[in-house]
Amino acid sequence: MRFLIICRVIDHYGDAGFSLRLALSLCQRGHIVNFLIDNFSTLKKIRPKSLPPSLTVTHIHSRDAFMNFCETLNQPLHAVIECFGSSSSCNSNISNDQLQHKLGQIHWLIIEYLTAETWNEQFHLKPSINPQTGYQSLYVYPGFSSRTGGLIYQDLPHTPIPKTKHHKTNQIFVFCYPSSPLEALIRASTNQFEIHTVGLQSNQPIVNLEFCPINEFDHRLRDYDWCFVRGEDSFVRAQLNGIPFVWQVYKTADQAHRIKLHAFFNLFTEHMDNDLREKLKLVWLGWNEQTTEDIFMNAWIDIQSDYDRLLTYCQNWASTLLRGKELTQTVEFLALQTG
């Protein structure tokens with residue numbers, strides 16, 4: 001089948017990371033994908049060194065570039081995948097209306113952001129009809145339950161790779177937003193951990209890493225004892241690889257991120273021993289600036305004695321996710337419904 005994926009990079013790397021991972025996963029399943037993106041500099045930092053022949057990347061850097069793309073779009077498509085409403089009217093370069101006029105009524109899938117909030121099950125696969133044009137879109141919600149679209153793990157084995165020690169020191173991978181209490185983590189980890197960060201410039205005694213290709217990211221994560229992750233893509237990959245992790249949710253002005261954080265934490269720790277859960281909760285709240293730095297630092301130090309228990313729990317959580325719904329296959333199934 002042929003797919004067109006539209007990615008608008010709103011901020012940071014999650015938009016490009018998720019969209020590219022979906023494109024690569026569809027190619028892995030034997031499909032042809034044309035990938036539109038409006039921020040090529042972000043994509044260059046995470047794209048594989050070589051792309052599959054079935055994947056074509058088009059940089060939509062201007063309205064003229066978009067118009068040229070539309071003119072050359074002659075092959076029939078099975079579905080358009082719009083990641084996170086990325087081709088909405090707020091984007092001056094990519095126009096829904098023009099694409100829909102060019103393509104006619106085909107399956108148009110809008111993939112929304114990942115959340116553990118249960119309302120996403122109610123809206124998954126709900127249609128949306130443009131009252132002006134009559135064009136129908138279908139909302140697809142990634143998620144952790146069988147009543148959502150699932151997660152992307154097409155490229156991973158069906159069981160998590162066992163954690164093995166490759167280095168003498170304990171190491172932490174940190175991919176965070178600038179608001180995180182990174183200095184507090186460094187102070188609390190002195191003489192215990194070596195901290196590696198990506199995407200940050202710091203004068204602190206840490207190792208600054210370059211971004212790596214997205215198809216090498218899992219291998220990088222598995223080399224660490226802890227992963228401090230953010231946003232969506234790195235957050236999901238840490239889980240799928242069964243690594244103890246701390247998630248920094250993307251902060252929003254309406255404070256909805258607090259609800260999102262607690263919804264996932266409650267789901268993730270549902271079967272965790274209460275004492276371990278309470279310790280981990282303080283670490284998560286502190287990393288998300290919902291407790292003081294002193295509470296965060298003390299909780300971080302305290303939970304180290306429970307590392308083996310937490311590692312086992314995370315490995316079991318990964319096994320559960322890898323038996324769940326796979327988002328690429330959900331998209332594939334929906335595209336087939338169009339004939």
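**Close-up 1. Helix α8 lies across strands β11 and β12.** Helix α8 covers residues 233-240 and runs at about 150 degrees to β11. Angles here go from 0 to 180 degrees between N-to-C directions, and axes are lines fitted to C-alpha atoms, for helices over the stretch in contact. Helices (H or I, at least four residues) and strands (E, at least two) are DSSP runs numbered from the N terminus. This is a predicted model, where local features need pLDDT of at least 70, side-chain atom pairs count only at pLDDT 80 or more, and totals for chains, interfaces and linings use all residues. Residues are numbered from 1 along each chain as its sequence is written, and side-chain values use heavy atoms, leaving out hydrogens and water.

**Close-up 2. Strand β11 runs parallel to β12.** Four bridges join β11 (residues 226-230) to β12; strands pair if DSSP finds at least two bridges between them. Look for F228, whose bridge partner in β12 is V246.

**Close-up 3. Five strands form an open sheet with parallel pairing.** Their order is β10-β9-β8-β11-β12. β10 (207-209) and β12 (245-248) are the edge strands, each with a single partner, so one side of each has no neighbour in the sheet. From one strand to the next, the twist averages 20 degrees.

**Close-up 4. Helices α10 and α11 pack at an angle of about 140 degrees.** α10 spans residues 274-287, α11 spans 293-303, and their axes are 8 Å apart. Residues in the contact (heavy atoms within 4.5 Å) include L276 and W287 of α10, and F296 and W300 of α11.
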